[in-house]
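I am opening a notebook on this structure and will write down what I look up, entry by entry. The sequence and the model come before the notes.

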Amino acid sequence: MKPFIDMNLFQRCFTLVLCLIPLSTSFVIAQDVSYLEGTIIDFATNQSIPGANVYWKHSPTEGVTTSQEGIFKLPTTKLPAVLIVSFIGYEQVEREVTSKDLARGLKIYLREDEMDLQEVTVSSTRPDQNVKSLDMGKSVVPIETIKNIPALFGEVDILRSLQLLPGVQTAGEGTTGLFVRGGSADQNLLQIDGAPIYNPSHFFGFFSVFNPDAIHGVDFYKGNIPANYGGRISSLIDISLKEGNFDKIKGEGGIGTISSRLTVDGPLFSDKSSFVISARRTYADLFLRLSSDPNINNNDLYFYDLSGKTVFKLGEKDKLTVSSYYGSDFLGLSGQFGFGWSNWMGAATWNRNISDRLFFDLNAYSSRYNYKVSFDDADNGFEWGNALGETGFKATWNYHVSDQTKINWGSHLQFYHFASIDLEPAPGSAIQPITSNPFNGLQLNPFVSVNHEFSDKVGLEAGLRWSLYQQHGRGVAYTFEDNIPSPEAVITDSLTFNTFEKMRGYHGLEPRLALRYLLREDLSLKIAANRAFQYLQVASNSSAGLPLDRWILAGTYIPPIRGDQFSVGIFKNFKNDTWEVSLEGYYKDMKNLIDLRQGASVLFTDRVETEILVGDGYAYGAEFLLRKNVGKTTGWLSYAYSRTWRKIEGISFDRWYNPRFDRPHDLNLVLNHQFDKQWSANLTFVYTTGQAVTFPAGSYVVDSQRLPLYTGERNADRFPDYHRMDASVTWKNVDKGKKWRGSWNFSIYNLYGRKNPFSYQFTEIFNDEINFTPTSTEPITSRRPGTVMTYLFTFLPSLTYNFEF
Amino acid sequence: MKRVFIALFSILCYTSCQEEVILNLDTLEPTPVIEAVWTNVPNINQVMITTSREYYDNTPNEVIEDAQVSIRNLETGRIANFVYNNQLRKYLPTNNQIGQIGHEYELSVIIQDKAYISTGVLLAPPTLDSITYEFKDQRVFRDEGYYLTLYGDIPFEEDNYYRLRVVKNDTLLNRRSDYLLFDDTFGTQILNRGFELGGFTFEAGDRVRLELFRLNKGAYDYLSQLVGLLFNDGGLFSPPPQNPVSNIKPLEHDGSVLGYFMVSPYIGASVLIEEEE
C-alpha cells in the first residue's frame with residue numbers, strides 16, 4: 001500500500017481501459033469447429049433459461065450448460081442424433097437434430113414440470129454446482145425460497161433470509177443489517193443491477209429496501225469474491241431485478257399486515273422488449289389516523305419503494321436493459337418535525353455476444369442516498385440534509401477460450417461524491433448555519449480472471465484486481481500539529497483543493513485465487529485466498545446502521561481497509577445431487593478498521609478524522625451446511641462456529657475485544673414441506689450465542705445521578721443465548737383455468753414466545769415502576785439501581801394475501 | 001432525536017415489552033469518586049469524595065472522610081485547603097475561599113497516600129440580562145404552562161461550553177432530561193435572541209433561579225458523556241457504554257478515579273412567576 005507518486009499512473013491506466021473498449025467489441029474469434037447453437041426458453045414466460053443442461057443422448061457426459069442468456073453451443077457429432085435438454089423444475093425435452101438445424105440455430109422451449117412440486121429449484125445453477133464449481137462461500141438463494149421463509153410481519157425480506165445462512169450474523173432482533181464472517185455491516189457491497197445501495201433498510205433497519213416481487217435473484221458471496229467485483233472486504237450481495245416477460249401482461253402482488261405491493265410485467269411495444277414495474281407501500285400511517293390521541297394521529301410514518309426495468313433485444317447479439325429503483329422513508333411528527341431518507345439508483349446494461357465465444361457487458365449506473373431532517377419552529381427551526389452518491393461504469397469481457405478455459409477481464413470506474421452536510425436555519429431562527437466540506441473520490445479497478453480446468457479433477461480460478469483510488473477536490477484538508485488528528489490537536493494549516501485536484505491517493509493489488517480438486521464425482525476439496533481493499537467506511541459507534549450514518553472516504557488520516565481471507569472447504573452431494581453438504585473454514589485478517597472516540601460527535605464536524613480511531617481485526621470460523629433442494633421437503637440445516645476480534649488504540653485498554661456481533665455458535669434450520677399442490681408449510685429455527693455487550697460492575701453517584709460503573713473492557717459480557725422458531729402455512733389456489741390465482745399465507749414469528757432481549761438498560765428505578773418519570777405532581781418516593789430488559793416481537797402472527805394474474 | 005425513537009418504537013413495536021431483571025454482574029474493587037466544584041462565589045465551592053459499590057446495592061455510597069483536599073491557584077501559588085464537614089458529608093474550603101476570574105487552579109486530593117490532581121481555568125462569565133416568562137397553551141410538543149426565556153450575551157470566540165441549571169422553588173431539577181448543556185456548534189447568538197427553556201414548564205407562583213456555568217472543555221465533555229450514559233439504553237442504537245472520561249488524573253500511580261473537577265464562574269438570576277391577566 002503506497003500513495004501515488006503522481007497522477008500519471010492513474011491517467012495511463014484509465015486511458016488504456018478506455019482505448020480497450022472499442023477495440024475489444026470488434027474483436028472476432030476465428031472458428032474452425034462445427035457447433036450446434038441454440039437458445040433454451042421457458043414456454044410460459046418466453047424468457048431464456050440459464051444453466052440448463054444440453055447434451056447428446058449417446059454422450060451424456062459431454063454436455064454443456066446454457067449461458068446467462070440461455071444460449072448453448074454444443075460440438076456436433078454425427079447427425080442425426082438425439083439432443084436432450086434438462087433443467088430441474090422443467091420437463092425434459094428430447095429432440096432429434098438433423099444437419100439442417102446446424103445452419104438456423106435452435107429454439108427449444110421447456111415447460112414447467114407439473115409433477116414437480118418444487119418451485120424453489122428454479123435457479124441458474126447446475127445441480128452439481130456445489131461440488132464442481134470453483135465457488136466458495138457463495139450462496140445463490142432463489143427468490144422463491146426466500147418467499148417461502150416465514151417473515152416478520154409477513155414482510156418477505158431478502159436480507160433477513162440471508163441471515164439464515166452460516167457465517168452471517170445479525171445486529172439484533174428484527175434488524176436486517178448483515179455481519180458476514182466477522183465483518184461490519186459497512187463492509188458488504190449490496191448492489192442492484194450493478195449499482196450500490198448505501199442504506200439498504202427501511203424503518204431504521206427493521207425492513208430491507210427490496211420488494212421481493214421485483215427481484216429476479218440474489219447471488220451472495222461471503223468469501224472468494226470474483227475479481228470483477230470489489231470495493232468491500234466482507235461480502236457481495238448481488239441482486240438482479242426481474243425482467244418482464246415478452247409474451248403478455250402479467251401481474252403479482254400481495255396485501256399484507258403492514259404493506260401492500262404490486263408488480264406488473266409484460267411486452268413493451270413489441271416482442272423484442274419488455275417491462276416490469278413494481279411498487280410497495282406501508283400503511284402504518286393510515287392506522288395512526290384512527291387514533292383519537294393527537295400525539296399519535298398527527299404523525300406520519302411510512303416507507304415505499306418503486307422499481308422498474310425494461311429490456312430491449314437489439315438483435316440476435318445485443319440486449320439492453322435499463323432499470324431503476326427508488327425507496328423512501330418518512331417519519332413526521334405533528335407536521336412540525338420531519339425526517340426522511342431515500343435511495344435512488346439507475347442502471348443501464350448492454351450485453352453483446354461479440355461472437356460465440358466472446359461476450360461483452362457494459363454497465364453504467366448512478367446511485368444516490370440522501371436524508372433530510374426538518375424542524376418547523378419559529379425560534380429554532382432548521383433544515384438539515386446530506387446526500388452521497390456513486391456513479392460508475394464497468395466494462396467486462398468474457399472469453400470462452402475452450403470448454404476448459406474461460407477468461408474475463410475489464411475495468412470498473414467509480415466516482416464518489418459525498419456532499420457537504422448542510423444545516424440551514426429557518427428564517428428568524430436563532431441557529432447559525434452549518435456547512436461542511438464535501439468528500440470526493442475516483443477509483444479505477446482494472447481486473448482480469450482466468451478459470452481453467454486442468455483436468456476433470458483440478459480446476460483453478462486466478463484473478464487479479466487493481467484498485468487505484470484517489471481522494472480529490474473540491475474539498476479541504478487539514479494539517480494537525482505533530483500530524484496527529486485529535487479533538488485537542490491544533491490545526492496548523494488547511495488546504496483548499498479545486499475540483500478533481502488530487503488530495504491523496506492509494507492503490508492496491510487484490511489477488512483472488514480458488515482451487516478445486518475433485519476427489520470423487522460427488523466430492524470436492526476447495527481452497528481460496530482473497531484480498532480486497534475498501535476505500536470508504538461508516539463512522540459510527542452504534543451496532544445498527546442508521547439513516548444519519550456518516551460515510552467517509554479514505555484520505556490523509558484514514559487509510560483504506562485491507563481484508564485478506566483464506567478459506568478451505570469440502571463439498572459433497574448425495575443421492576443424485578438431491579442433498580448438498582459442505583464444510584468450510586476461513587480466516588480473515590482486517591487492517592485499518594475505524595471506530596469512534598468516546599463521546600465523538602461526527603454528524604456535523606468538518607474534521608471527522610479527529611473523532612476516529614484506527615485499528616485492526618481478525619476473524620475465523622467453520623461453517624457447516626446441509627441442504628436439500630429437490631423433493632417435497634426442502635431446506636437446510638446450518639451451523640457455524642465463528643469468532644471475530646478488534647484491536648483499536650484507545651478502546652478496551654488497547655487490547656483485543658469482540659464487536660457486538662461476535663456470536664460464536666450459530667445454528668439455523670429452514671424447512672419447507674409441500675403437502676400437495678395447494679398446501680405447504682415452512683418452519684425456521686434460529687439459535688445463536690447472545691450478543692457481546694458491556695455490563696456494569698458497580699455503580700457510583702456524580703452530580704446526584706447514580707451511574708453504572710464500567711470496567712473499561714468492551715463487550716466482555718453476553719446477552720443470553722438467542723433462539724426463536726417461526727412457522728408459516730400457505731394455501732395456494734392452483735386452478736390454472738382462472739386468470740386470477742390467489743394464495744394465503746399465515747405466519748407466526750417467534751412461535752413459542754421466547755423473550756430474547758433487545759437491550760438491557762441499567763438505570764435507576766423510581767417508585768418501583770420501571771417506566772416512572774418523576775414530575776412535580778408525582779414525586780419520587782423510592783429509588784434504586786435496576787436493570788430493565790426490552791424484548792421485541794413475541795408471538796407475532798401475520799396474514800398475507802398474495803395474488804397473480 | 002429521542003422523541004423520534006420513542007414515537008417509532010411505540011408504533012412499530014406494539015408487541016414489545018419491558019420487564020425488570022436481575023443479572024449476575026461482576027463487582028469492581030471500590031473506586032474513589034471525586035466531585036469538585038470551584039467557582040468565584042462562596043457557598044457552592046465543595047468537594048465530595050465517595051466510593052463505588054456493587055451495582056444492585058441500594059445503601060448510600062461510602063463517603064471518604066479522611067482525604068487531604070486542596071485547591072491551588074497556579075497564578076499566585078495560594079492554596080485553599082478543604083476540611084471535611086460531618087454534617088454535610090463533604091469537604092468545604094476553609095474561610096469560605098473563592099476563585100478569581102482568569103486564574104488557573106489545580107485540585108489535589110490525597111486518599112490513603114494516593115494523590116489525584118486536576119486543573120482548570122476560571123473563565124470570564126457571559127452576561128445575563130433578563131428573564132421573561134409567557135403562558136403558552138398546550139400543543140402537541142408542548143405542555144400548558146409558563147415558559148421562561150433567558151436574555152444575555154456570549155461575547156467569547158472560544159471556550160464556549162455552558163451548563164444551565166434550573167432551580168424551581170429551591171429544588172434543583174436534576175432528572176436526566178433536565179440537563180441543559182450547550183456549546184457554540186450552533187453559534188453564540190443564542191442568548192441575544194432569547195433562549196427559551198422549552199423543556200421546562202412552570203406555574204404561577206413558582207420562584208425560579210437559573211444558574212449559568214461556563215465550563216472548561218474537560219468538565220463539559222464529562223457532563224455530556226454523563227448525560228449520554230444516562231440515556232444509553234444498551235441497545236443497538238446506543239454506543240457501547242463507557243464511564244465518562246474524568247478530567248481528574250492519578251498522580252504517579254496507576255489507580256483509577258471517577259468524577260470530575262468543575263472550575264467555572266457562577267452567574268444566577270431569579271424570577272417569580274406571577275399569574276398573567
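Does Phe500(A), with its C-beta neighbours inside 10 Å counted, come out as buried or exposed? I looked this up in what is a predicted model, and found that Phe500(A) has 12 C-beta neighbours inside 10 Å and therefore counts as exposed. I placed Phe500(A) in the loop between strand S31 (491-497) and strand S32 (502-520) of chain A, and I noted that its phi is near 65 degrees, a positive value in a residue other than glycine.

Entry on other backbone details. Asn43(B) sits in the loop between S2 and strand S3 (46-51) of chain B, and because it has 10 C-beta neighbours inside 10 Å, it counts as exposed. I also looked up a cis peptide bond, which joins Gly473(A) and Arg474(A) with omega at about 10 degrees; Arg474(A) belongs to the loop between strand S29 (458-472) and strand S30 (475-480) of chain A. As background, I recall that most residues other than glycine have a negative phi, and that most peptide bonds are trans.

Entry on chain A as a whole. I read off 7 helices and 50 strands for chain A. Its radius of gyration is 28 Å, close to the 28 Å that the globule rule gives for 805 residues, so chain A is as compact as a globular protein of that length. The C-alpha atoms of chain A fill a box of roughly 95 × 65 × 55 Å along the principal axes, and buried residues make up 46% of the 805 residues.

Entry on the domains of chain A. The assignment gives domain 1 (31-116), domain 2 (131-239) and domain 3 (240-762 + 793-804). I looked up the C-alpha centres of domain 1 and domain 3 of chain A, which lie 37 Å apart, and found 9 residues of domain 1 in contact with 7 residues of domain 3. On the domain 1 side of that contact, the residues divide into 2 nonpolar, 4 polar and 3 charged.

Entry on the nonpolar cores. Which residues touch the most other members of the largest nonpolar core? Among its 84 residues, they are Leu162(A) and Ile215(A). Domain 2 and domain 3 of chain A both give residues to this core, so it lies between them. Leaving aside neighbours within four places in sequence, I found Leu162(A) in contact with Val141(A), Val168(A), Leu178(A) and Phe220(A). A second, separate core of 77 residues includes Ile34(B), Ala36(B), Val109(B) and Ile190(B).

Entry on where the two chains meet. I noted that 63 residues of chain B are in contact with 70 residues of chain A. The largest share of the chain B side, 7 residues, comes from H2(B), and the residues on that side divide into 29 nonpolar, 22 polar and 12 charged.

Entry on a sheet in chain B. I looked up an open sheet of 3 strands, in the order S9-S10-S14 with antiparallel pairing. S9(B) and strand S10 (residues 145-153) of chain B pair over 9 bridges, and Tyr147(B) in S10(B) is the bridge partner of Glu134(B).

Terms used: Residues numbered from 1 in each chain as written. Chains lettered and ligands numbered in written order. Predicted model: local features only at pLDDT ≥ 70, side-chain atom pairs only at ≥ 80, totals over all residues. Helix = DSSP H or I, 4+ residues; strand = E, 2+ residues; numbered from the N terminus. Rg over C-alpha atoms; globule rule 2.2 N^0.38 Å. Buried ≥ 20, exposed ≤ 12 C-beta atoms within 10 Å, placed from the backbone. Contact = placed C-beta atoms within 7 Å. Nonpolar A, V, L, I, M, F, W, Y, C, P; charged D, E, K, R; others polar. Core = buried A, V, L, I, M, F, W, Y, C linked by C-beta atoms within 7 Å. Domains from an automatic or database assignment. Pairing = 2+ DSSP bridges.
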